[in-house]
Amino acid sequence: MSLKGYTSPLSELQDFTLQPIPVASDVVLNELLPLIAVDTPLEENDKEELEQVIRKVAKAVSYSWFMAKHFAKGLNSLCSWLDSWNLGTIPLRSFGNYFIRATMGLRYAKANMIDAKVLYEEAESVVEPLFRKYLQKFGPDTIVKVTSKQSIGGELNFQKVPLKTISDSVLLRLREIIINSGYCLEMLQEVDEVLVSFLEDEAVSERQPLDTIPTWRKYPPQVWGVLYGAVEGISSDLESLMDDYAQLFDWIPQAGSAMEEMNRIATDIRYRETQVVSPVICKWRIPEDPDTPLDVLVQAVGKLGSCIIKVSNVIKIADNVSRLTISLEFTGSSQDALDRVTLRCLKSELHTSYPVRFLGLGSSGLDKRPTGPKKWLGLNRPPRVFTKFTETTAEWKDFTIKPIPVASDIVLNELVPLTAADTPLEKDATEELEQVIRKVAKAVSHSWMMAKQFARGLYFLCSRLNNWDLGRISLRRLADRFIGLTMDLRYAKANMIDAKGLYRGHPPGESVT
C-alpha cells in the first residue's frame, strides 16, 4: 500500500491488506532470537534487553490475533445482515441490535490493534539504540551466526550474517508493521464512522430497500465482502506464526481448541468493556409494537387446510415474567389436520443477548376436541396434546456433547508434558500423573464408542419414524427394529457411564451417579 495520496481507507480498499503484520513479525522474531543464543558475541545484559524486545513483539502478535478475530467476525456479521436486509424476515428493531453488536465487535478489534501498535512502537524505540550500541561496540561487519528453521522440512539452517544487515532488517520490518497497524486503525475508524452514521440516520424505516439508504448506496454490500476477504485469513497466518515460536506464547490457537478460543475471546471482551464505548442508540423510525391479537403464523397443513397461530394476550405477572396466551385456529373441514400440528416453544437464535426461560406450558379449550381418524397401535384416540414442559425441554436446542472431546484434548495437552523426562516432578508424582493420563485416554475410547452407538441409534430412530406411514413394513418388524435401536442407545449409555467413571477416577463398570 502506498502512502502517497492516501486519503480514505475505504476509497483505497483494493490495496488494503494486513498481511505485512504477520509476515514482518515473523522476520523480526527470526532475526532477533538467534542474537540471544549462547554462541553470540553479546553479553548477558545485552541479551536480557533483547529478550524484552522479543517479549514485546510476541505480546503484540497476540493482540494482533485478537484484532483479526474481532475484525473478521464483525465484518462477517455485517455482510450477513446486509444480505438479509431485503428479505423482510427480520424486524427493524432486531436489525438495530445486530448492527450495534457488529459495531462493538469492530471496536474490540480496534482496541486490540491500538495495544499491539503501542508494543511494536516500544519494541522499535528500544531496539534501535540497542543496535546502535552493538554496532559501535562490535562494528558493522561483525558476523553473527544465525540459526533458523527452513520453511520446508523444518531443518536447521545455519547462516553467517553481518550485524548491520540484521539491524537494518529488524528496524525496517518494525517500521513496516507500525505503518500497516496505522492503516488498520484508520480502516477500523472509518468503518465505525460509517456504521454510526447509519445507526443515527433517522430516515431509515421498516422494509426500506437497502439501495435507497444513503450509507449503502455509497458503500454497497460488495464493498464489505472485499474487505472481509482481506481480513478473514489473517488470524490463521498469526496462528501459524505463534506455533512457530511456541516458546514465546502462553497459549496458541490450534485446531480442536474452539472452546478455549471462545473463552479467550470472551475474556478479552470483558477486559475491554470499560475501554470500548457503546455506539449511539439507534435512531431509526422503528414502528411501535402492534396491539394483540397478532397473526404470527399461518401454516398450511398439507392439503387439509391451514393452522392460524395468534398471540391473543400478554400479561406481566412479575418482574421479568410474563404469561403469553396463544390461540390456534384451523381452517378446512378435515379433522385429520389436528393430528398433523405441533407447536414448539424455543428460544430464538435472534435473542441471545439476554436469558430466556420457559417456566411452563398449559392448554385449555380442548375438552370437546373431536376424535382423530388416525389409529395408533389399534386404538382410536383423540389428538395428542402434551402439556409437560420442563427446563430441560426448553433448553434442548442447546444440547451438545462437543465439550467432551474439546476438554479431553485440553486435559491431555496439559498433562502429557508434565510426565516428560525434563520436568521437576519426582518419579512417584510422574507415575501418578501417567495413571491419570491413561484413565483419560481410556475414557476417550469409551466416549468414542458412546458417540458411534448414540449416532447409530438416532439414525435408525429417524429412519423408522420416516417409514412408519408408508405401510411397507409390518408392525412386528417395526417393533423389532425399535427394540434394536433402543439397545444401541443403551449400549451408548453404558459406555458413557464407564467414561464418566474414568473421568472421575473410578474403574470401568463401577456404579457412577
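Q: How many helices and strands are there in the protein?
A: There are 12 helices and seven strands. Both are DSSP runs numbered from the N terminus: helices are H or I of at least four residues, strands are E of at least two. The model is predicted; local features need pLDDT of at least 70, side-chain atom pairs count only at pLDDT 80 or more, and totals for chains, interfaces and linings use all residues. Residues are numbered from 1 along each chain as its sequence is written, and side-chain values use heavy atoms, with hydrogens and water left out.

Q: What is the mean pLDDT of the protein?
A: The mean is 78, and 72% of the residues reach 70 or more. pLDDT is the predictor's confidence in each residue, from 0 to 100. Residues 1–6 stay under 50, with 11 contacts in the model beyond four places in sequence. Residues 150–154 are also below 50, and this stretch has three contacts beyond near neighbours in sequence. Where pLDDT is low, the predicted coordinates should not be read in detail.

Q: Why does Leu75 count as buried?
A: Its relative accessibility is 0%. Buried means under 20% relative accessible area, exposed over 50%, and partly exposed in between (1.4 Å probe, protein chains only). Therefore Leu75 counts as buried. Across the protein, buried residues make up 36% of the 513 residues.

Q: Which residues is Leu75 in contact with, leaving aside its neighbours within four places in sequence?
A: They are Leu106, Trp224, Leu227, Tyr228 and Val231. Contact means heavy atoms within 4.5 Å. Leu75 itself is in helix α2, residues 44–84. Ala102 is 27 residues away from Leu75 in sequence, yet the C-alpha atoms are 7.3 Å apart.

Q: Why is Lys117 called buried?
A: Its relative accessible area is 19%, so Lys117 falls on the buried side of the cut-off. Lys117 is in helix α3. Beyond its neighbours within four places in sequence, Lys117 touches Ile178, Ser181, Gly182 and Leu185.

Q: How many aromatic pairs does the count come to?
A: The count is 17. Rings of Phe, Tyr and Trp (its six-membered ring) pair if their centres lie within 6.5 Å; planes under 30 degrees apart count as stacked, over 60 as edge-to-face and the rest as tilted.

Q: What makes the pair of Trp85 and Phe95 tilted?
A: The centres are 4.7 Å apart, and the planes are at 35°. That angle is neither stacked nor edge-to-face, so the pair is tilted. Trp85 lies in the loop between α2 and α3 (92–138) and Phe95 in helix α3, so the pair ties together parts 10 residues apart in sequence. Both residues are buried.

Q: What makes the pair of Trp85 and Trp284 edge-to-face?
A: The angle between the planes is 85°, at 5.8 Å centre to centre. Trp284 lies in the loop between α8 (258–272) and β3 (294–300), 199 residues from Trp85. Both Trp85 and Trp284 are buried. Ring pairs link a cluster including Trp81, Trp85, Phe95 and Trp284.

Q: Why is α3 called roughly perpendicular to α8?
A: Their axes come within 11 Å and cross at roughly 85°. Axes are lines fitted to C-alpha atoms, for helices over the stretch in contact, and angles run from 0 to 180 degrees between N-to-C directions. Under 35 degrees is roughly parallel, over 145 roughly antiparallel, 65 to 115 roughly perpendicular and the rest oblique. So α3 is roughly perpendicular to α8. Tyr108, Ala111, Asn112 and Asp115 in α3 meet Asp268, Ile269 and Arg272 in α8.
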